[in-house]
Amino acid sequence: MTGMSMRLRGRSWLVTLLALIVLVAVNAVLQPNLFTGTVLKSNLTVFLPLVLVAIGQTYVVLAGDIDLSVGAVIALVNVVTVTVIAAIGNGVGAVLLGLLAGMLTGMACGLFNGFLVAVMRFQPIVTTFATGIIFSGLALRVLPTAGLPVPAPYWRTYAGSLLGLPVTLWIFLTALLLVALLSWRPFLTHLAAVGGSRTGAFQTGLPVARIRIQGYVLAGLFSAFASLCLTGETASGDPLMGRMLALSSISAVVLGGTALAGGSGSAFGSVLGALVLGMIGNVIFFAGLPFEYQTLVQGLITLAALAGGVLVAGRQRW
Amino acid sequence: MPPALRAQGITKRFDAVVALSDGALTVERGEIHALLGANGCGKSTLCKIIAGTVLRDGGSVQVDGVPLEPKRPADAEAAGIALFYQELSLVPQLTVAENIFLGHEPRTRAGFVDRRKLEDDAGRLLGPFQAVAGSGLDLHTPVARLAPDQRQIVEILKVLARRPRLIIFDEATAALDRRQVEFFFRMLRELKAQGIAMIFISHRLDEVFEICDRITVMRNGATVATYPAAETDVNRVVHAMVGAMAEHLHPPQVERPANEQPRLVVDRARGRRLRDVSLTLRPGEILGLGGLQGQGQSALLRGLFGADPLDSGRVNLDGAPLRLRKPADAVRHGIAYVSGDRGRDAALHGRSIFENIAAASFIRERRVLVWPGRLAERFRQAAAALNTKYAGLEAPIGSLSGGNQQKIFIARWLATRPAVLLLDDPTKGIDLAAKADFFDLVQRLAAEGASILFYSSEDAELLGLCNRILVFNGGAIAAELSGGTMTALHLTRAAYGDAA
């Protein structure tokens, strides 16, 4: 193993940070007004949902699991929220209750996933693939077609400002604060322990199943946050919302230096990963390349991140 | 005052196998108590039951006079019991400090991890060990980067950090060198002075007599005797471990020309668990690998199969040097490997019996395409040679019992007509009838000229089947038994590192 890969081990998010800086620089050249308030704010609005889902996904991946259902959770949370708001009547109280219902829905989805995976011992990939289909089905049952606009106070607040800063920025900062608070808790070490060595964690006396479930519940909750942000942007219900976000969130987690096998990584890294994925879209747009290249490039970058992870971690023999 | 631990009449069965029929152990406060026995006597199971990682079927456990019914490790821990795991319970990605306090992180009032206290406390535990730990054992190092002896020290510290009142050390000295062991013993004596009770399991009898107050011996799942260490000696203890085990008749020595070229020569093989192992295997010979579990026997076999390549050392097959970097290298030279861990090492789950047998032949014969019909007859013969009971070659492997599955995996190798057969505790979990068939076959193969390296965790199997036995201890060959020295007594004694 070379000296550099040794030093990079566990810090591959530094590479992602570097990539982000380069992308921002390129973007700034292509789009001279990048650093104006409105452009930054619109960028953040676009990136925020993926940032939030990626944070949630990190907690599942750290424990050695994966959640493919987060996209469907976003759709389900969206339709539940708009339906609850519409049912209660379009006041501020209704909006707050709708938000609460959305968050509870996300957590319930996470609890369901966690129960199947950690208690019933189902295989995480296949299980969350299946529950994703179930959640999509439920979303279509709740709201068969797009529509059902949310009341103005909802989307006006989301698009507005608080104490001179955009609300989206406040949400972003709050999410970072939540990540920091979580990372200081013993819980995060336990999560990494469960992902790093399940037997070791069990023999140490950690409640392995409970920890894995908590990871899934966090993923559900952060998916709900993402959904509520998307709802603030689109201002209506859409049972097909968030389809692409499940796989993008995994890309962001990988880019952020979290090992897909679990045990090491950080949600801050995933935030960087999500921003890199977003900036790639920007650069491609302003470079005048066809939009279709965006997905292709994001895929290649994710592959490169995986390859980098293999180089840093050292190769297995088979 | 009630004893620190009193376990009585403990029973446990795993499916059909009785692991414990009458386990009993009493440990006083401030005592270091050795638990000894041959392989499979149940000592590890008894310890795991006390520590709550295995649930007992019957019997009672009392800690300081209070009944203990652990459902999970955390329950036993709450009662002040800590187990040093032979296989180690560390998380490779976490740092030394994080591992030591995993699940017991000191917290600030806000419920966050108190990093400073964590590192101070870990530093205080680690400090005394620094002198003997070698370089690179630092609080912030991920455990993945530590050497085996350093990991073992971290596991010891992790146990101590729990401030337990009863500690079970299962082979806690296995990877330590003499200086580290001495340091560790000094620590044990301090703990003893504080009234902490300890159970000590080790494959080194000299260590047992050096540090322990009393010795309890187990045999065949039951406790047979407890001695004060000062009033007994190695002989009595080893006899108690072996019991009145019938002396087995060795198979007749096959007459071979004395100048015959050896089939397999291993010269100073080294690996993660091997220290300079050398051996010579002749055609038609069954060479046993004995000793307590995990002393390097499997490591040698897996090394010779290329599954866990050796770090250094020479291997010659029929006089020609061999490079074994992956299993395919071994297979193409006619080396076959049968593992007791079928699920991990052998089974192609969900595939047919035909495919499971064919796997090795493809590699040996470098086949690309096959005519199943032509191979089927050969496979049927191989399976029939083992009295395998199966519905048809197309039936899935999972439809067979453990014993019949194992026969299929042996048939896989028979179909390649191997020159060297590596048997890695192959009879684990198979029934007696299947075992008998299996041993018949091994003897038949040897009579036909195949060379066999046979590791078994059951001493009786080794004594009953082998021409010679190499006894492993701590990754090296401690003794070679043949002819008159092939007795259970000699085997057990050598396994515990007492070559006398």
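Modeller: Two strands pair if DSSP finds at least two bridges between them. Helices (H or I, at least four residues) and strands (E, at least two) are DSSP runs, numbered from the N terminus. Leu264(B) stands opposite Leu317(B) in E14(B). This is a predicted model: local features need pLDDT of at least 70, side-chain atom pairs count only at pLDDT 80 or more, and totals for chains, interfaces and linings use all residues. Residues are numbered from 1 along each chain as its sequence is written, and chains are lettered from A and ligands numbered from 1 in the order in which they are written.

Colleague: How many bridges pair strand E11 with strand E14 of chain B?

Modeller: Five, in the antiparallel sense, between E11 (residues 264-271) and E14 (residues 312-317) of chain B. Both belong to an open antiparallel sheet of four strands in chain B, ordered E12-E11-E14-E15. Strand E12 (274-281) and strand E15 (320-321) of chain B are the edges; each has a single partner strand, so one side of each lacks a neighbour in the sheet.

Colleague: Are the residues of strand E6 of chain B buried or exposed?

Modeller: Count neighbours. A residue is buried if 20 or more other C-beta atoms lie within 10 Å of its own, exposed if 12 or fewer, and partly exposed in between; C-beta atoms are placed from the backbone. In E6 (residues 81-84) of chain B, Ile81(B) and Leu83(B) on one side are buried, as are Ala82(B) and Phe84(B) on the other. E6(B) runs parallel to strand E7 (residues 166-170) of chain B, joined by four bridges. Leu83(B) has Ile168(B) as its bridge partner in E7(B).

Colleague: Which domains does chain B have, and how far apart are their centres?

Modeller: Domain bounds come from an automatic or database domain assignment. Chain B has domain 1 (5-242) and domain 2 (264-346 + 418-495). Their C-alpha centres lie 30 Å apart. Two residues are in contact if their C-beta atoms, placed from the backbone, lie within 7 Å. By that test, 10 residues of domain 1 of chain B touch 14 residues of domain 2 of chain B. On the domain 1 side, helix H8 (residues 234-242) of chain B gives the largest share, four residues.

Colleague: How many residues does each chain bring to the contact between chain A and chain B?

Modeller: Chain B brings 19 and chain A brings 18. Helix H2 (residues 73-78) of chain B gives the most to the chain B side, three residues.

Colleague: How many helices and strands does chain A have?

Modeller: 14 helices and four strands. Of the 318 residues of chain A, 50% count as buried.
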